Amino acid sequence: MSHCAEHFGGGASAWPPSLPILVRRWRPLHQEVASKPMEPSEPTKLSTPSLEAITAAVLAVQQQWGIKKTWELLPALRSAGLTDPARTADADIADVTRRLVAAGYARGKLTSLFARRIMDLMVAARDGELDAFERYMARGDKDTAVAVLVAVKGIGPVVADTVWMLRGAGRRE
């Protein structure tokens, strides 16, 4: 049985659980361990590379927009202020959608859906909800790092695994 399956219950037939079950079970885990004392050398804020990796992973969901294609758009996304919580968290959805399209991320009717996800991500980043991700990533604690990510609206296990891989933390497993 995998480590995740042990945390979230069930044997082989119960794994993987549905997304609502994962979120319901990961949130308490995140709350439980988020209060653990930090080592003085541990990061306390979400880094720009992590925020950009999360942004790219959120936008890369679905086959036609893989992570490679989205990663190549990062310079344009940065220029459009789409990786900056101060410029995007409280923006109008039409404005964020226009900036996505101008940056080269045009997915037709889906673009506004992803604009909302980016806005939710930037609100979470601005409000410090993702700061603990750095700490758990530095510790190599994938389960808790993933729990921090999936607690954000619009981020599921696939996005969280992609972020883990992009940040290089997956090599420690």
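The model is a predicted one, in which local features need pLDDT of at least 70 and side-chain atom pairs count only at pLDDT 80 or more, whereas totals for chains, interfaces and linings use all residues. Residues are numbered from 1 along each chain as its sequence is written, and side-chain values use heavy atoms, with hydrogens and water left out.

The protein contains 11 helices and 0 strands, where helices (H or I, at least four residues) and strands (E, at least two) are DSSP runs numbered from the N terminus. Of its 173 residues, 46% count as buried, a term that denotes under 20% relative accessible area, with exposed denoting over 50% and partly exposed the range in between (1.4 Å probe, protein chains only). The accessible surface of the protein comes to about 8800 Å², of which 55% belongs to carbon and sulfur atoms, as computed by the Shrake-Rupley method with a 1.4 Å probe. Among contacts (heavy atoms within 4.5 Å) between residues at least 6 apart in sequence, 60% join residues at least 24 apart.

Helix α3 (residues 48-59) packs with helix α8 (residues 110-126) at an angle of about 155 degrees, and their axes lie 10 Å apart; axes are lines fitted to C-alpha atoms, for helices over the stretch in contact, and angles run from 0 to 180 degrees between N-to-C directions. That angle makes α3 roughly antiparallel to α8, the label for angles over 145 degrees. On the α3 side, L51, I54, T55, V58 and L59 meet F114, R117, I118, L121, M122 and A125 of α8. The residues of this contact between α3 and α8 divide into 9 nonpolar, 1 polar and 1 charged, where Ala, Val, Leu, Ile, Met, Phe, Trp, Tyr, Cys and Pro count as nonpolar, Asp, Glu, Lys and Arg as charged, and the others, Gly among them, as polar.

V152, found in the loop between α10 (142-150) and α11 (157-166), is buried, with a relative accessible area of 5%. When residues up to four places away in sequence are not counted, V152 touches D120, L121, A124 and L130, and the C-alpha atoms of V152 and V123, 29 residues apart along the chain, are separated by 9.4 Å.

K45, by contrast, is exposed, with a relative accessible area of 54%, and is found in the loop between α2 (19-34) and α3. Leaving aside neighbours within four places in sequence, K45 is in contact with D131 and E134, while K45 and F133, 88 residues apart in sequence, are 8.5 Å apart from C-alpha to C-alpha.

Technical notes. Angles under 35 degrees count as roughly parallel, over 145 as roughly antiparallel, 65 to 115 as roughly perpendicular and the rest as oblique.
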